[in-house]
Amino acid sequence: MIASIIRLFSYMIADLLPLGGDLHFKLLNYYFKYPMLSNDSLIIVHVILVVGLTIYFIKDIIKMYSELFKGLWIILSGRATIKRTCTDLKMLNMLLVSTFIAVVSYFVVIIRAEYDYSLYLMGGMLILSAIILRVSEVFTLIKVDAKVMTVKETFVFVLLQALSMLPGVARPGVFMGVGKFLGLEKKQLAKMIFISFIPVLILEMIFIHGFDPVTALDILKGSWLLCLILFTLLIIALDVIFVITTSKSYYKFYYYLAGLGLWTILDIFFSKRGL
């Protein structure tokens, strides 16, 4: 039980930080023959992450949807244009980004499920993630209102969400890096990242892990104590993760990402040549 808790909880934390749970387990399997998580374990992890993130950010999610309906009413009544509405209702922009992200990621998830990426690509994506974090630490644009996203910035985040599905890309790190570069407010940006992660997790469950509600319910019932412990730990950890994500030291993760990516590429390169 303790070993399972440590494995699954480590996977969840790595997914929420700029590390990547799936990537690290693949590297552990490659170097140390550490077993990958089973499909049942991945379903447990994804369900707990979806429920945990939804409950933790429930106030923000409710606010976004209330602003969505408010914005639609304003637009339909002819009191304002779509652009003006999205500018005035800041949380609405976050909801629109999350919605676009889910649709775009749908296609990327399907493509990824049918392709086995190499460790070379994973190492390269880790280095790219590190570069984005480093650049954002040095260069930052100044915005008049750091809580508002323009249409262009929204489009950039949609593309990033699709690219972040590639293995090796440190998804939260890339989003925080680009968001900081664009001058967005950190807490607002962090909320958007975690909330937008919810539809992505759902899509991964359905199209990669073959999520079936009846089967999933049986899995959760059979491991109810494990699920309860993991859920409790996740809710407690989310406070710490949110603080880390919005702190200045968060961008120092590029040292780790760059080092791991470079090590992975060089190790595979030389091992294939018998050196």
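Phe 57 counts as buried because its relative accessibility is 3%, where buried means under 20% relative accessible area, exposed over 50% and partly exposed in between (1.4 Å probe, protein chains only). What you are looking at is a predicted model, in which local features need pLDDT of at least 70 and side-chain atom pairs count only at pLDDT 80 or more, while totals for chains, interfaces and linings use all residues. Residues are numbered from 1 along each chain as its sequence is written, and side-chain values use heavy atoms, with hydrogens and water left out.

Let's stay with the aromatic rings for a moment. A pair of aromatic rings is described by the distance of the centres and the angle of the planes. Rings of Phe, Tyr and Trp (its six-membered ring) pair if their centres lie within 6.5 Å; planes under 30 degrees apart count as stacked, over 60 as edge-to-face and the rest as tilted. By this rule there are six aromatic pairs. The pair of Tyr 56 and Phe 57 is edge-to-face because the ring planes stand at 80 degrees, with the centres 4.9 Å apart. Tyr 250 and Phe 253 also make an edge-to-face pair, at 5.6 Å centre to centre and 70 degrees between the planes; both Tyr 250 and Phe 253 are buried.

In the largest nonpolar core, which has 69 residues, Phe 194 is one of the four that touch the most other members, along with Leu 16, Leu 53 and Leu 230. Such a core is a set of buried Ala, Val, Leu, Ile, Met, Phe, Trp, Tyr and Cys residues joined through side-chain atoms within 4.5 Å. Helix H10 (residues 186-207) provides the largest share of this core, 11 residues. Leaving out residues up to four places away in sequence, Leu 230 touches Ile 5, Leu 8, Phe 9, Met 12, Ile 44 and Ile 48, contact meaning heavy atoms within 4.5 Å.

Helix H10 also holds Glu 204, which counts as buried because its relative accessibility is 12%. The C-alpha atoms of Glu 204 and His 46 are 8.4 Å apart, although 158 residues separate the two along the chain.

Now let's turn to helix H7. Ser 129 lies in this helix and is buried, with a relative accessible area of 1%. Beyond its neighbours within four places in sequence, Ser 129 contacts Gly 168, Val 169, Ala 170, Val 174 and Leu 257. Val 135, also found in helix H7, counts as partly exposed at 36% relative accessibility.

Val 135 belongs to a nonpolar surface patch of about 520 Å², made together with Ile 131, Val 138, Phe 139, Leu 141 and Phe 181. Helix H7 (residues 119-138) gives the largest share of the patch, three residues.

Finally, the whole chain. The secondary structure comes to 13 helices and zero strands, counted as DSSP runs (H or I, at least four residues, for helices; E, at least two, for strands). Of the 275 residues, 47% count as buried. Among contacts with a separation of 6 or more, 82% come from residues 24 or more positions apart.

Note on methods
Patches are made of residues with over 30% relative accessible area and no salt bridge: like charges are joined within 9 Å, nonpolar side chains (Val, Leu, Ile, Met, Phe, Trp, Tyr) within 5 Å. Accessible areas come from the Shrake-Rupley method with a 1.4 Å probe; for residues, only the protein chains shown count as cover. A salt bridge is a side-chain nitrogen of Lys or Arg within 4 Å of a carboxyl oxygen of Asp or Glu.
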